[in-house]
Amino acid sequence: MPATACVEPPAIGPYQLPNRVILAPMAGVTDRPFRQLCRKLGAGLVVSEMVTSDPSLWHTRKSRSRLDHSGEPGPRSVQIAGGDPDMLAEAARMNAEQGAQIIDINMGCPAKKVCNKAAGSALLRDERLVAEILDAVVAAVDIPVTLKIRTGWCERSINGPRVARLAEDAGIRALAVHGRTREQRYSGSAEYDTIASIKASVRIPVFANGDITSAKKAAEVLDYTGADAVMVGRGAQGNPWIFREIDHYLSTGETLPEPSHDERQRVMSDHLKALHAFYGEHMGVRIARKHIGWYLGTREDAKPLRARFNSLETVGAQLQFVDEIFDRTTHPASDGISAA
């Protein structure tokens, strides 16, 4: 049994999490249908896609969909992004009025279009501005505020521990740390020494993020870093079952069996239907392509299956595709469906 088995799940302000597995915010991925699916399959907390702090963009189709939390159980965590303390404070207030129960500040996104606007992980280069943002957002709302960062801007400026202490001093209630610098983006491997150092230097909950792709890896990272929870991002793409697998392994030391043939078919079909309902047929059909591509995995025979699915233009055709690939055989992996 993992050494972490007896550790209590963390709390974020008044919200006691049910377990130690969290869905990371991912732009273009963690929309409401995916958040609801991951929560159903065991995620103890899910975090929304980042919402811009620029009020001139709040009425765009993209922002409206990211602000839609109707029907979601709490606690509802909404991530905001920007580089201006006053705008971020206003974005926090607006989201709290819209039903957010936790505000998460993005200082971890490595995307150029975000960093070029002095937001996301670019903020790590200016610790004075970091402190101003944290103070402004915490003062703006009476709900918990959390922060997501990387270990630093580059290997020569690993300042995650200093930023973590700034966060704690400002009243941040939990901190997620991706074990890479901004310069690395998603290349190479995540390192966990900095996360361990951060956990040792603050009293607030710390969530370890980066390369969490299996239950065993989650337990190893928790044991190594002392973190309070793991945050899963890309490891959940095409594998939303990872949350219950990690939770079960942390609780029992046992590995859950892979999802059954019938469950895989049901989850994929239900996910498709949720995307179509949320976005409408035109956008839903297009957004579904990346999700089904992830479900199909990286097998050689997945490539023609992805190409075929990406050519489909209607809701009915996409749903029929899923039924057909599962009806061929009782062993979906042989048809390119990824194993959990």
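Modeller: Among contacts in the protein chain (heavy atoms within 4.5 Å) between residues at least 6 apart in sequence, 68% join residues at least 24 apart. This is a predicted model, in which local features need pLDDT of at least 70 and side-chain atom pairs count only at pLDDT 80 or more, while totals for chains, interfaces and linings use all residues. Residues are numbered from 1 along each chain as its sequence is written, and side-chain values use heavy atoms, with hydrogens and water left out.

The protein chain has 12 helices and 11 strands; these are DSSP runs numbered from the N terminus, helices being H or I with at least four residues and strands E with at least two. Of its 340 residues, 58% are buried, meaning under 20% relative accessible area with a 1.4 Å probe, protein chains only.

The part to look at is helix H12, residues 315–327. Its 13 residues should span 18 Å at 1.5 Å a residue, and the end C-alpha atoms are 19 Å apart, which agrees; the expected span is 1.5 Å times one less than the number of residues. Buried in H12 are Gln-318, Leu-319, Phe-321, Val-322, Ile-325 and Phe-326. Viewed down the axis of H12, these buried residues fall within an arc of 150°, so they line one face of the helix; the arc is that of the directions from the helix axis to the C-beta atoms. The cover over the buried residues of H12 includes helix H10 (261–296) and helix H11 (302–310).

Terms used
Buried means under 20% relative accessible area, exposed over 50%, partly exposed in between (1.4 Å probe, protein chains only).
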